[in-house]
Amino acid sequence: MKTQKKFIFVFLLLAFFGLTISSSARVGPTYAIINCKIFPVSGPPVENGVIVIRDGLIESLGPLEKISIPEDAEVIKADGMFAYPGLIDAHTNVFLEVKKEEPQRPTGIPMQIQGQETKHHPELEAFNLLKPKKSTLENLHKIGITTVLVVPEKGIYAGQSVLLNLNGEKAEPMLIKNSFALHINFSTARGAYPSSLMGTVALLKQSFLDTEYYSSYKSRFSRFSKGLKRPEYDPFLEALIPFVVEKKPVVFNCANLEDIKRALRVIKEFKLNGYLTGANEAWKVASLLIKAKVPLLVSLDFKPPFTSLYANRGKELKEKAEKEIYPANASNLHEQGIKFALTSHGVKKTSDILKNIQKAIKAGLPKEEALKALTIIPAQFLGVDDILGSLEPGKIANIILTSEEIFEEKAKVQRVFVDGFSFEIKQPPKGVKKASLSIGGKWRATVSGPMGEMEMTVEIEQERNQISGTISSDFGQWEISDGLLSENKLTFTISATIMGESMDMAFTGTAEKDSIEGTISFMDGSAELKATKIPDAFY
Amino acid sequence: MSKKLVLYITILVLCTSFILAQDKGPQFIAIKGATIIPVVGEDIAEGTILLKDGLIEAVGKNINIPEGAIVFNAKGLFAYPGMIDSLCSLGLQEISSVRGSVDSRETGRINPQVKSVEALRPDSMHIPISRANGITAAIVAPSGGLIAGQSSLIRLTGWTSQEMIIKSPVAMHINLPTIARPRFRRTTTTPQEEASKQIKELKELFNKARFYLKRKQAAKKNMLLSKPEFDEQLEFLLPVVNGELPVMISVHGEKDILDAIKLVKEEKLKAIFFGVSEGWKVADDIKKSGIPVVFGSLYAMPPKWEDGYDSLYRNPAVLQKAGVKIAFSSQSASLAKDLPYHAAKAAAFGLDKKEALKGVTINPAQIFSVDDILGSLEKGKVANIVLADGDILEQGTHIKYVFIDGKETDLFTRYEELLEKYKKKH
Amino acid sequence: MRKKTIGFIVVLSLAVIASFSFGQDLLIKNGTILTVTKGTLPKGDILIIGGFIKQIGENIEPPEGIKVLDASGKYVIPGIIDSHTHIALTVVNESAVTISSEVKMRDVLNAEDNSIFTALSGGVTMVHTMHGSGNPIGGENIVLKMKWGKTSEEMIVHEAYRTLKFALGENPKQANRFAMTAPRYPQTRMGVNAIIRREFLKAKDYMEQWDRYLKAKKSKKLAKNLIPPRKDLRLEALVDMLRGKMVARCHAYRADEALEFINLSKEFGFKIVCFEHASEAFKIAKELAEENIGISIFLDNWAYKVEASEGIAYNAAYCTKNGVLVSINSDSSERVRRLFNDAAKTMKYGDLSKEEALKLVTINPAIQLGVEKIVGSLEIGKHGDIAIFNEHPLSAYTRCDKTIIEGEVYFDRAQYLKEREEMEKKKKEKEKKKVGGKK
């Protein structure tokens, strides 16, 4: 009888776990990457290394002699490539839909009411705004970024950021951590209060005071409600409680050195769990940062802020500062012993991110420190260093394989693993030449094929000879990816969804300054495309 | 008999009263004992200036004073020629934020037909204040647009504008762009492009004006040819293209100045440059062109930080030393009285003190071709004389008397009026 | 044991004092020294040790190794103080609301503002930089020393009074703005006074609430269920005014609005230190002198607004002669370098003596800001804040050649000329190379 009960108990237990296991995400493959030089970041490099990945996690890693390759593993020959932890970009705005903000003008506000009408949105979650794009994903993988913290951009209380693992085109499987931090900008409300920076500082202080007051009043009320007027619900203050009272992280976006000082003062006064981001002038206030011991996310944007001396004494000085002085920010901080992560915040083009990392290294930041600032340090700041940031057994299998040592001039990322799923980086086919013209912008296209004639609008983005963009038609919006403009020969893939069915169509053709012509081929046939450029609107 | 007597007596009375009723000042005035700074010629200690009917009859140490002359004791004082403000808006605005009191800027870009003297308000409270600081004549100019209009040279006394006019019109005013400060301007074309655009526009206008004149002349000769349709703009540009009326071109950037010199040469204009903020960079070119320069108010920040904090202050010295004829202006109405201090500021930054004084006296007289009557204390010139207890370019100096056309003028201004009123209160 | 600990404490405190470096050592020799408060020394020296003036006299022996500055033929005066500017700030007005007493200019300092250098080039060593005049109640101002190249914290003068900006007249009532879709209350002077009164009444209530709460907190009977009032930063600033911790600096042009504001101050018991601009102060000179309220004004900038249309140039001198403490300010990042020129005009318009004129930009603004113990004149014990001119500072031909703060030279015209010369050389060489390359 006892053994029967035990058996039933164990069976139920297994069934329960089986259910839970089977209801979790798709099962990842098993790989063994062999013959690579491993840079784990958490330890010394490993020559002739092997990494075993199973179901999204690193199972084991080490030199060939010490690691046994499992039978069910798909062997990937790395041929001497270099293996690094996937890079973590702790401040980006990728996948966020940019809505045109209406300027807040107080029309028809009755007299005697001061401009208290501003709607702040600390409760806004970046996760709810995500619109993942395949081309962005590919661009990030191309420079080795596998994890991003997506931060909402606009407003003084910009909202709450989300940490994503770039494992595909759907938002849910990417989620690592939601509502990581509240993000605050030292901006203004333009036309409504606060319309000045000092008003913003006063607003922050007053909001935090009010949050503390509201929270203590609420807890007082929950203990002795008799005789006490019930607190009036305030969604704004409610949204701030986790950050001001429960000390979840608050990240201040610092455009210049005075912003850093402003942020540190507020963090100190309200004992916040404060972080600083942006901070491209951080080296100027190194002594304050050493004292404050606040996690620092340093942007790779080297443009001198408008308050800076360098921005107000002529174009020559401004360009010199951007070339020579600001790139040395990171190396200066390192010399002072200040810990920081590097982010792409403020860098407009994805291709510039890598360039700017290389500039920072050239300006004196040791390469290993740059690597740390993009792997283990952001992992620590983001509170995920138990699962990300280095190559260790048990951690998530975010791995990048590069052709040369990372950040070297000629180094190219060849393959990327995110959550153990492999993404091969498409290299430009041999024989591809530079683009001979620029075709970025809006185009009006007519497609004539078996279904008849259709009007479409094509929006093209061009980065050197890489083409991406969208096609809009009555069917909806389709993405253009893998686009290449070799001299004037244009090729790209259209990811179309027609009547619920998704299919990829290939386009080949030629492009001139104001016209594009070519053929779209799909499974059952082909269609002709002719497009003319829509002139840029005058602003 | 009695009727004839009555007639003769009446005629006699009428004649005498007529003579007595003449509002003529005394024939001779002798200003004695002052240290004379004539600007042209050597200074004279304890000298005498003899005035006759509003003109300077003699200047010297020992002058023969005719009988019946009114003697003016100026011992301990300094005598200067009255100063000339080479560009201001005196009489064109009272309170600058009140539109009803401002007539300095007409709407539209091209207004050669507009004459500032026709908006001049002789009762402006700013005119006596400027006069009380030793300024006796001023160029009152319109502003704004590409072609602002015509200016006039006025004396700072008179009941009506007709009484005030010395020379009208004295110049046509053209404004090329200033140097835009990068932060707050976002034009689609850089200021340099704009200037060359506008110079092109001017050339086209001048060309049109010339052909307009030719057609008019041809139609005059030949009755069968039709006259061109009346064009106000071209009509009033004719004296400019003929070289009769000088143009005062406001221009600031280095390249723009060179382009403007070219324009003046090609169009054969009689020109004066105004402002020339970056003139010090092209001083030799300006000298070669022979074009004189009037500086605007020196109370302005250098347009480019890289040029140095004192670039506008040292500008006059650099140009003067390169041989350019320079003059100063107040470029104001309410602060027109500060004209001498702009000159002194330039002297603080390298300009010779004597040259600074010339920049507010003989130089503007020469630039505007009135040096036969104004600008220095010399025989034959108009008796515009300032008597002060010190250097008139110094802020602490008290101006004691101001003569315009040989007559002593009233130095009781709005300032004194309000002061006296409230002295009574306390 | 005790001796050891005492010894340790002594060494530690010495180290602390040494590390707390205030200013530098400097000996200025052979200049004409205009002390402003203690007469003129036709040829004298000033010794500055650790940023403080230690000695003023003739033929001072230079201590070993000290930096010596030869001022032969030059005029040495106390650093000029501009008691009304808006420089070194990232933004000036909180224009979305009418009452913004919660904002502090201390939060928006910009130590890299080129205007700081401009001020130094005009002999200015200290400024009172303020909120704008767009609001009836603006924000808290701050006093800075023009220590170009140092951090914003190092520029703050902590000894100065805390001041709150008030504004009356055309600016806060937005009289000179173009037609707006929604005019902001108040649009008249009576509205301006009403809104100031409203805020002070609110502040009075708030202050009483807090006083009651703090009293009750001490008494143990009610302590259990006691809830503090909500802290309101806007009203806190006004409570500071009521408690005398902060004083009013009020922008007012017309005589009548100044008198009305004095009435308001009496109604609530706060102190007005100074009226700003006060074009019509001469009309109420006696009243201002009686109330011990100073004025901080332009000399002759007038007739740009209706309320400035009776602003006479005699204002400064007349008020001075009638017992009002007068300072001349610039309110401009351009005029800041010509304050001495403006002061000189009081000799013409009002017959002030040279000494009286110089006070208008030195000791008088220092007294108005509450820093006369440390700056404003050349006296032993005060800070070594000095400006050196090549001619008498009240001559129109003068030029500031050096500006010194606490013994450190922050502006040196000779140095500037050298740097410019080198820059021009480099430019010429660059152009030669270009031309050479083309060939």
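Me: What should I know about numbering and confidence before reading on?
Reply: Residues are numbered from 1 along each chain as its sequence is written, while chains are lettered from A and ligands numbered from 1 in the order in which they are written. This is a predicted model, where local features need pLDDT of at least 70, side-chain atom pairs count only at pLDDT 80 or more, and totals for chains, interfaces and linings use all residues.

Me: Which element gives the most to the side of chain A that touches chain C?
Reply: Two residues are in contact if their C-beta atoms, placed from the backbone, lie within 7 Å. Here the contact takes 33 residues from chain A and 29 residues from chain C. Elements giving two or more residues to the chain A side are α4 (197-223) and α6 (257-270) of chain A; helices (H or I, at least four residues) and strands (E, at least two) are DSSP runs, numbered from the N terminus. With twelve residues, the top contributor is α4(A).

Me: How many charged residues does the side of chain B that touches chain C have?
Reply: This contact takes 30 residues from chain B and 35 residues from chain C. On the chain B side, α9 (339-348) and α12 (414-423) of chain B each supply at least two residues. For classes, Ala, Val, Leu, Ile, Met, Phe, Trp, Tyr, Cys and Pro count as nonpolar, Asp, Glu, Lys and Arg as charged, and the others, Gly among them, as polar. The chain B side has 18 nonpolar and nine polar residues, and its charged count is three.

Me: Which helix gives the most to the side of domain 2 of chain A that touches domain 3 of chain A?
Reply: Domain 2 of chain A spans 90-97 + 119-388 and domain 3 spans 441-534, with bounds from an automatic or database domain assignment. Their C-alpha centres lie 38 Å apart. Six residues of domain 2 of chain A are in contact with five residues of domain 3 of chain A. Three residues on the domain 2 side come from helix α2 (residues 134-142) of chain A.

Me: How do α4(C) and α6(C) lie to each other, and why?
Reply: Axes are lines fitted to C-alpha atoms, for helices over the stretch in contact, and angles run from 0 to 180 degrees between N-to-C directions. The axes of α4 (residues 189-218) and α6 (residues 255-268) of chain C come within 11 Å and cross at roughly 15°. Angles under 35 degrees count as roughly parallel, over 145 as roughly antiparallel, 65 to 115 as roughly perpendicular and the rest as oblique. The two helices α4(C) and α6(C) are therefore roughly parallel.

Me: How do α4(C) and α5(C) lie to each other, and why?
Reply: The α5 helix of chain C covers residues 233-242, and its axis is 9 Å from that of α4(C), at an angle of about 85°. Their contact residues divide into eight nonpolar, no polar and three charged. Among the residues that meet are Phe200(C) and Met207(C) in α4(C), and Leu235(C) and Leu242(C) in α5(C). The helices α4(C) and α5(C) are therefore roughly perpendicular.

Me: Which strands stand at the edges of the open sheet in chain A, and why?
Reply: The four strands run in the order β6-β7-β9-β10 (chain A), with mixed pairing; two strands pair if DSSP finds at least two bridges between them. Two bridges join β9 (residues 162-165) of chain A to β10(A), and these strands run antiparallel. A strand with a single partner has one side without a neighbour in the sheet, so the edges are β6 (87-92) and β10 (175-177) of chain A.
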